[in-house]
Amino acid sequence: MSFTVTIEPSGHRMTVEDNETLLEAALRQNIGLPYGCRSGLCGSCMCHLESGQIHYPEGPSEILEGEDPSSILSCQALAQSDLVIRADELEWAQDIEVRILPCKVHSLERIAHDVVRLQLKLPEGQRLQFQAGQYLDVILSDGRKRAFSIANAPHDDEYIELHVRHVDGGQFTDFVFSEMQPKAILRIEAPLGRFTLRDQSDRPMIFVAGGTGFAPIKGIIEHALHVGDSRPLQFYWGVRAQRDLYMAELAQSWQEKHSHIRFIPVLSEPDADWSGRTGWVHEAVQADNPDLSGFDVYMAGPPPMINAAKAGFEAAGLDLARLYSDSFEYGAAADKT
Ligand SMILES: Cc1cc2nc3c(=O)[nH]c(=O)nc-3n(C[C@H](O)[C@H](O)[C@H](O)COP(=O)(O)OP(=O)(O)OC[C@H]3O[C@@H](n4cnc5c(N)ncnc54)[C@H](O)[C@@H]3O)c2cc1C
């Protein structure tokens with residue numbers, strides 16, 4: 001059985017299923033309820049029950065002791081009737097508090113010749129609230145920062161997933177590829193950036209990734225699928241050769257399972273046995289979509305790709321206000337942002 005939850009003061013409505021917490025329902029329906037640990041310990045998700053009945057399968061958390069009797073924890077509460085709750089909804093990624101947190105490397109896996117997939121775990125009882133597509137800064141011991149996009153979606157947040165490409169001679173990525181072991185401790189600052197899904201639009205979407213620009217786009221597409229976004233979605237992934245398509249089976253499975261998704265890998269230095277698209281990824285986008293005026297476009301990856309694509313897409317009629325991008329700047333350029 002499902003119930004309807006009305007959130008005041010916005011008047012937003014969501015359905016909540018049996019055995020689904022109010023927070024899980026909000027994440028599924030892209031409603032920005034605040035949260036922290038997702039285990040009833042921190043109180044960040046506290047909101048107020050105006051009418052209706054809830055219950056806590058694990059019993060009420062101690063953190064509610066001494067609070068106003070209307071206070072409830074959305075990460076623990078299950079609905080037993082239709083509800084009206086009062087909560088401070090987050091409208092934008094910027095509304096989420098940026099925190100500096102320690103985290104432990106849970107796993108590191110070489111998924112391509114020059115890409116490692118890291119899974120990071122926050123301390124017991126803590127979760128990172130973020131919007132799909134945002135990034136974090138790893139804070140090095142000398143205080144310098146290195147930006148990496150979060151590759152998972154918020155509903156699937158037991159670990160924070162990063163796709164780290166090796167930069168020859170790079171202070172941090174050399175360490176990741178040569179010395180880092182599971183259980184290493186990192187300090188991160190997160191969440192950052194505004195590269196997130198604009199869900200108020202009904203235009204078809206084009207996603208363009210260059211290399212590890214796949215990371216934030218993976219997070220956004222997984223989020224879009226979780227919240228049931230069914231806008232037509234073309235995903236172009238530009239890399240040099242087949243060995244760089246490090247999670248191609250996953251992208252392929254989106255296309256196979258969802259009729260509104262197309263996946264188009266594009267190789268700039270194609271292997272002899274490659275029969276797919278070749279050339280520059282933004283040129284493939286334009287060849288397939290000569291008129292971009294009706295689209296929302298999302299791009300992530302190296303600055304040269306972003307700059308070339310911006311110029312080409314504008315010439316093809318794209319309104320640049322509907323172009324959302326994360327340029328993987330580094331060094332001095334990144335320090336300025
Ligand atoms: C918002 C944002 C998100 C990002 N997300 C990702 C991501 O998900 N995955 C990912 O792999 N990278 C990502 N990057 C790029 C990443 O931050 C850099 O590659 C990283 O900081 C390199 O750190 P390093 O300490 O190894 O290199 P450094 O010690 O900083 O640099 C060593 C040398 O390599 C050059 N260099 C550094 N980075 C690059 C690069 N990317 N390409 C070419 N030359 C470089 C430097 O100018 C310097 O000469 C992102 C960048 C930004 C701004």
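Strand β8 (residues 99-112) is joined to strand β13 (residues 185-192) by 6 bridges, the two running antiparallel, and within this pairing Pro102 stands opposite Arg187 in β13. Strands and helices here are DSSP runs numbered from the N terminus (E, at least two residues, for strands; H or I, at least four, for helices), and two strands count as paired if DSSP finds at least two bridges between them. The model is a predicted one, in which local features need pLDDT of at least 70 and side-chain atom pairs count only at pLDDT 80 or more, while totals for chains, interfaces and linings use all residues. Residues are numbered from 1 along each chain as its sequence is written.

Strand β8 is also joined to strand β9 (residues 115-121), by 7 antiparallel bridges, with Leu118 in β9 as the bridge partner of Leu108; 2 residues lie between β8 and β9, which form a hairpin.

An open sheet of mixed pairing is formed by 5 strands in the order β2-β1-β7-β3-β5, its edge strands being β2 (12-16) and β5 (71-73), each of which pairs on one side only. Strand β1 (residues 3-8) runs antiparallel to β2, to which 5 bridges join it, and Thr4 stands opposite Thr15 in β2.

In helix α5 (residues 281-288), the buried residues are Val281, His282, Ala284 and Val285, a residue being buried if 20 or more other C-beta atoms, placed from the backbone, lie within 10 Å of its own. Seen down the axis of α5, these buried residues fall within an arc of 155°, so they line one face of the helix, the arc being that of the directions from the helix axis to the C-beta atoms.

Methods
Buried ≥ 20, exposed ≤ 12 C-beta atoms within 10 Å, placed from the backbone.
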